[in-house]
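Start with the domains, then cover the chain interface and the helix packing.

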Amino acid sequence: MKKVKTIKVDIDKCNGCRACEMICSAFHATPKYSSNNPEKSKIRVLFDPIKDIYVPVYAGGYTEAECNGWDIYTIDGKEYDECAFCRASCPSRDLFTDPDSGLPLQCDMCLDDPPQDEPLCVKWCHADALTYEEREEEGEEAKKKPDEMEVGLQSLVKNHGAKKVMESLAKLKQEKD
Amino acid sequence: MRYAETGYNLEIDLSRGNIERVATDPRDSELYLGGQGTAAKILWDRVGPEVDPFSEDNLLIFSAGLLQGTPVPSANRTSVDTFSAQTGLYSHSLFGGFFGPEMKHAGYDKIILRGKSPKLVYLYIHNDVVEIRDASHLAGKGTMDTAEILKKELRDSKVQIAAIGLAGENRVYMAAIEHYNSSASRGVGHIMGDKGLKAIAVRGTKDINIAKPEELHKLCMDKYTEIYDKRVKYAGDVLTHENNETFHTNSFAWGNARERRKDFWKPEMTAEWGKVTEDHLLRHSACYNCPLDCHASITYPGRRTFFYKCYSKLTYAMAAYKDLHFNYDMIAVTQEYGLDGFSTPQVLAFACELYEAGILTDKDLPDFPKDTGERFFYLVEKIVRREGVGDALANGVYRAARQIGNGAEAYDHNTTKKFEQLPLKLGNLNYPFFLMYATGEKMCITQIEGAFPQDPIRDIEKRKAFVEGWEAAPERFKKWYLEWEPRTQPSIEASVNIADWNETGHYVDDSIGMCAYVSSFRGQFGGRIPYHMYNLPDFISLASGIDIDTDKLWEAATRSRTLIRAINNRRGLRRVDEKPPGDHWKYRDAAVEKQLLDEYYKFKGWTEDAIPTKEKLAELGLDFVAEDLINRGILTDNADTPVKEPSA
């Protein structure tokens with residue numbers, strides 16, 4: 001059995017205040033709290049007030065290729081495109097990509113320094129659209145997830161090849177020295 | 001490094017198509033903070049009194065408040081400032097939502113629009129990419145339609161849009177600028193239309209620097225919880241979640257601000273009207289980084305989804321003697337046209353009265369329906385297209401009355417400074433409210449009132465207990481509140497101070513972008529407001545690095561307020577214009593009113609003709625204003641200027 005950490009999302013309760021984006025981006029800023037920029041948040045509220053669509057989505061894994069998911073789902077009379085519920089940082093959309101570095105963003109459930117009891121977006125969601133849940137699932141305990149630097153490097157390696165990345169790093173180090 | 005603000009304004013010349021990113025002077029932020037304050041400085045510097053509101057030289061300024069885009073909860077109100085063709089004076093409005101923070105993340109504290117585009121355009125901003133784009137395909141489109149079309153064609157779900165509808169395009173003076181659940185009313189939409197600007201679409205992804213991030217963050221998170229805990233009782237729009245409409249239906253006047261119906265509301269109506277809302281409510285929605293949800297989105301059969309806020313839930317119903325169904329149906333239509341929900345109903349009710357009185361006839365209004373509700377829909381179509389008599393009505397009650405003539409002037413009884421006021425008909429003159437109506441320059445009482453409670457708590461022990469925990473109030477107000485006998489007026493001295501405190505709170509909020517529902521407006525209904533003059537300096541200092549305390553904050557707000565007075569003085573505003581609506585109170589007292597104004601001007605450091613004195617201007621560091629007013633002969637070099645016959 002493995003422990004799974006999830007954020008349950010109730011889209012009927014979200015009121016679009018975006019406090020989740022604010023706290024997430026502030027907590028993960030370097031230095032901590034130095035800015036709160038929704039674009040750097042690992043949770044985004046996809047919202048369209050005119051269509052009454054409010055979907056908080058937290059960042060999952062990075063994917064190299066888009067999945068051709070162009071289908072439309074109608075739920076309660078409202079049309080959602082397939083991407084609305086997808087958590088991937090994906091080349092087909094500008095979600096979960098750091099605007100400065102272009103590197104993918106991934107939710108770590110606020111377990112970096114200092115680790116929090118529950119993700120901060122959940123803590124600050126007074127509308128209770130977000131709830132934190134830990135549950136047991138079949139399967140083996142997952143390996144420790146790569147940290148942010150590793151995720152970034154992995155995506156650079158995928159895009160440019162390990163050799164090119166190593167060369168660039170060596171060059172940067174040389175320049176700095 | 002600049003903190004809390006970006007340090008740059010976007011200057012757009014719509015006549016020449018020129019776009020510039022201009023660095024701003026940090027000293028101005030210390031003096032005027034931001035938002036309305038710094039916008040007023042720009043209007044003073046760059047738009048002289050000779051500039052016609054419909055000329056290329058008029059500016060339309062969208063300003064993010066100083067605290068917008070910082071973690072400070074509920075600081076999301078964007079200020080829109082310009083000169084209005086309706087009043088000939090400075091015009092100011094605010095809207096919440098998400099626009100201002102996005103603009104700041106794009107790298108701009110303000111968007112300053114000059115000139116006029118020869119054809120309808122929209123402004124597209126994505127960080128450093130700024131383009132004036134063709135909007136011919138958006139001509140005549142509704143405000144929400146426009147937002148939807150732009151989102152789709154820009155392929156960007158996160159872009160924030162503020163747009164005008166047909167009313168703005170046709171320079172209807174009641175035109176608003178709409179942004180989802182929020183709108184900038186009080187006559188700024190007609191200037192946007194005059195400039196040929198259909199919409200602004202903005203998207204920003206840059207960081208905003210904070211002076212003391214960690215300390216500010218702690219303070220903000222505590223405040224976030226406090227605001228949530230204080231909701232309904234001390235913060236937010238108390239009426240959003242309320243189906244009992246006794247307060248508005250009984251206290252405000254129906255029709256063309258004519259009649260109070262104190263027995264209108266029956267207990268069973270709470271459930272009946274509540275069901276109308278429940279059956280059509282999609283959800284309550286919030287503005288950026290605010291734990292409250294003061295806006296309701298409503299869907300109505302055959303209509304586009306709309307949002308109501310505050311008293312606009314009832315304004316059309318009460319003006320037409322109709323019900324909630326009618327009001328909802330009406331907002332659905334008028335929000336798409338981009339019409340202000342406060343002033344428009346009054347223009348419509350005014351036109352209906354003129355017809356009943358035979359001043360407007362079937363010749364002016366061919367096939368005019370019998371039912372008032374149908375008449376409202378009929379008139380709206382005429383007004384937004386400026387068709388026939390709609391052309392005069394589109395200029396608001398004051399101007400329409402004079403254009404129509406034939407006795408129509410007598411039906412203009414609820415305007416001040418040529419602007420529609422809330423429909424109230426009350427008994428005895430209320431001293432502080434008299435001063436606020438007469439001297440306010442934000443044009444709507446909701447933008448002026450707010451800090452001091454409207455009534456004393458009757459039980460003296462309870463009143464004492466309230467005063468003990470009243471953190472928002474300076475000491476002198478606690479004393480006046482304790483001494484206040486129910487059903488009497490505060491003393492002249494207290495009234496003068498109350499009027500000043502009330503409006504100063506708004507000048508603070510509107511410069512930092514704070515929502516009045518958690519600050520300046522809400523004190524009158526209970527006092528224990530989340531933000532006030534004593535705790536805001538911490539937020540401002542930690543966010544912006546500006547060294548400020550309560551006294552300096554009060555002074556900065558007074559500086560902006562005084563500058564705006566001087567701007568309007570330059571356009572002809574004088575004491576003779578400072579009057580409440582004609583029959584707002586049944587019982588008036590000319591002697592007391594004179595005394596109130598005399599004392600208020602003295603307190604404000606204004607001449608008896610309502611112009612800031614040279615000394616007061618010098619004290620606020622506004623010597624350049626004094627110099628200009630003296631050069632123009634508006635102010636004499638030695639204090640008292642004789643009362644002149646004006647006006648604008």
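Chain B of this predicted model is divided into domain 1 (8-203), domain 2 (238-420) and domain 3 (430-631). The bounds come from an automatic or database domain assignment. Domain 1 and domain 3 of chain B bury about 3,300 Å² between them. Chain B and chain A bury about 3,200 Å² between them.

**Conventions**

- Residues are numbered from 1 along each chain as its sequence is written, while chains are lettered from A and ligands numbered from 1 in the order in which they are written.
- Local features need pLDDT of at least 70, side-chain atom pairs count only at pLDDT 80 or more, and totals for chains, interfaces and linings use all residues; side-chain values use heavy atoms, with hydrogens and water left out.

**Domain 1 against domain 3 in chain B**

- The centres of the two domains, taken over C-alpha atoms, are 28 Å apart.
- 39 residues of domain 1 are in contact with 37 residues of domain 3. Contact means heavy atoms within 4.5 Å.
- Of the buried area, 68% is on carbon and sulfur atoms. Buried area is the accessible area (1.4 Å probe) that two parts lose on being put together, summed over both.
- The salt-bridge count between these domains is zero. A salt bridge needs a side-chain nitrogen of Lys or Arg within 4 Å of a carboxyl oxygen of Asp or Glu.
- Polar contacts link 20 residue pairs, both residues at pLDDT 80 or more. A polar contact is a pair of N or O atoms within 3.5 Å; within protein, one must be able to donate a hydrogen and the other to accept it, and residues adjacent in sequence count only if both atoms are side-chain atoms.
- On the domain 1 side, the elements giving two or more residues are α1 (26-32), α2 (35-46), β4 (78-83) and β5 (90-95) of chain B. Helices (H or I, at least four residues) and strands (E, at least two) are DSSP runs, numbered from the N terminus.
- α2(B) gives the most to that side, with eight residues.
- By class, that side has 19 nonpolar, 15 polar and five charged residues. Ala, Val, Leu, Ile, Met, Phe, Trp, Tyr, Cys and Pro count as nonpolar, Asp, Glu, Lys and Arg as charged, and the others, Gly among them, as polar.

**Chain B against chain A**

- 43 residues of chain B are in contact with 36 residues of chain A.
- Carbon and sulfur atoms carry 54% of the buried area.
- In chain B, B:Lys158, B:His217 and B:Arg283 lose the most area to chain A, together 20% of what that side buries.
- The rule finds six salt bridges across this interface. One of the salt bridges pairs A:Lys40 with B:Asp207, the closest N and O atoms being 2.9 Å apart.
- α3 (99-105), α4 (143-154), α7 (213-229) and β15 (281-285) of chain B each give two or more residues to the side that touches chain A.
- α7(B) supplies the largest share, seven residues.
- This side of chain B has 19 nonpolar, 13 polar and eleven charged residues.

**Helix packing in chain B**

- Helix α9 (residues 269-280) and helix α11 (residues 324-337) pack at an angle of about 35°, with their axes 9 Å apart. Axes are lines fitted to C-alpha atoms, for helices over the stretch in contact, and angles run from 0 to 180 degrees between N-to-C directions.
- B:Trp273, B:Val276, B:Thr277 and B:His280 in α9(B) meet B:Leu324, B:His325 and B:Tyr328 in α11(B).
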